[in-house]
Amino acid sequence: MSGRVKGKKALVTGAGQGIGAAAARLLAAEGAQVLLTDKNAEAAKACAEQIIAEFGEGAAFATGLDVTCEQDWITALRFAQDAMGGLSVLVNNAGIALTGSVEDFDLDEWRLGFSVNVDSVFLGCKHAIPMLRERQPASIVNLSSIAGLIASPTFANYNATKAAVWLLSKSIALHCARRGWDVRCNSVHPTFIKTSILQELVGEKDEATVFAKLEKQVPVGRLGEAEEVAQAVLYLASDESRFVTASELKIDGGISAM
Ligand SMILES: NC(=O)c1ccc[n+]([C@@H]2O[C@H](COP(=O)([O-])OP(=O)(O)OC[C@H]3O[C@@H](n4cnc5c(N)ncnc54)[C@H](O)[C@@H]3O)[C@@H](O)[C@H]2O)c1
């Protein structure tokens with residue numbers, strides 16, 4: 001590893017598994033100190049322990065954070081200050097994929113999707129930007145989705161929430177740039193990645209059949225890996241992307257070109 005984010009101090013949400021866990025591990029592997037957070041505090045702790053075992057004491061920390069709860073954000077950011085001495089990277093990764101057409105949702109379910117996928121980014125950025133400003137150059141990476149750019153009849157809530165993350169990211173980027181702060185903000189847009197979110201889409205159906213159907217939609221003919229999305233997060237977190245802000249990075253095997 002070459003220390004691409006050496007000295008950076010990162011907070012990753014939803015880091016107890018999947019893309020968040022992979023991003024946290026890769027950031028630590030490339031020299032960052034990482035605070036792994038998740039609604040499932042135990043899962044975040046277990047992942048942090050693995051990172052510490054691999055990269056040493058001080059490479060990772062863990063705390064519970066429900067991204068829909070403002071007080072949790074305030075507490076977690078205070079934890080970041082105390083444990084790491086500040087924050088230079090925020091990865092808003094936690095998210096849920098609720099399926100159904102516009103007619104299938106009731107208002108509470110609809111709002112749950114917005115709360116986890118969008119309120120999270122609003123709250124995280126609102127409270128973290130003052131800390132990020134203290135550690136410029138800084139970077140915010142928000143997990144949107146290809147579903148934030150391309151619609152599907154049975155993804156009403158997911159489409160709407162991930163599209164909101166896409167444009168909210170640009171608004172945040174422009175706000176920081178206009179203030180003259182070197183705090184960048186970009187969104188990442190994966191297509192089907194082999195994590196538990198995809199497993200939920202499989203549901204009761206035969207996994208091999210569902211995966212084969214999904215693979216056929218991707219020009220490169222396969223599903224993505226969490227580590228492949230983590231590489232995009234790493235690039236946007238690092239100073240290699242210093243001139244990249246208000247941008248969207250698609251990790252989609254070419255699906256959005258069709
Ligand atoms: N896997 C895919 O195919 C795919 C594709 C495009 C975008 N994404 C996005 O990537 C992100 C990560 O997804 P994943 O595939 O790793 O999913 P995952 O289900 O494997 O992991 C999500 C994590 O978020 C946590 N979480 C859920 N609600 C939370 C809350 N309220 N507060 C804090 N943590 C919470 C979960 O505990 C879990 O650890 C999500 O935003 C998702 O929408 C995933």
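This is a predicted model: local features need pLDDT of at least 70, side-chain atom pairs count only at pLDDT 80 or more; totals for chains, interfaces and linings use all residues.
1. Overall build. The protein has eight helices and seven strands. Its radius of gyration is 17 Å, close to the 18 Å that the globule rule gives for 258 residues, so the protein is as compact as a globular protein of that length. Along the principal axes, the C-alpha atoms fill a box of roughly 45 × 40 × 35 Å.

2. Packing and contacts. Of the 258 residues, 45% count as buried. Take the contacts between residues at least 6 apart in sequence: 74% of them join residues at least 24 apart.

3. Ligand shell. The ligand is surrounded by 30 residues. Closest to the ligand are Gly-14, Gly-18, Gly-95, Ser-145 and Thr-195. Two helices, α1 (18-29) and α6 (196-202), each supply at least two residues of this shell. By class, the shell holds 14 nonpolar, 13 polar and three charged residues.

4. A cis peptide bond. Check the step from Gln-136 to Pro-137: this peptide bond is cis, with omega near 0°. Pro-137 sits in the loop between α4 (107-133) and β5 (138-143).

5. A positive phi. Ala-246 is a residue other than glycine, yet its phi is positive, near 60°. Ala-246 lies in the loop between α8 (226-237) and β7 (248-251).

Key. Residues are numbered from 1 along each chain as its sequence is written. A residue is near a molecule or strand if its C-beta atom, placed from the backbone, lies within 6 Å of it. Helices (H or I, at least four residues) and strands (E, at least two) are DSSP runs, numbered from the N terminus. Ala, Val, Leu, Ile, Met, Phe, Trp, Tyr, Cys and Pro count as nonpolar, Asp, Glu, Lys and Arg as charged, and the others, Gly among them, as polar. The radius of gyration is taken over C-alpha atoms; the globule rule is 2.2 Å times the number of residues to the power 0.38. A residue is buried if 20 or more other C-beta atoms lie within 10 Å of its own, exposed if 12 or fewer, and partly exposed in between; C-beta atoms are placed from the backbone. Two residues are in contact if their C-beta atoms, placed from the backbone, lie within 7 Å.
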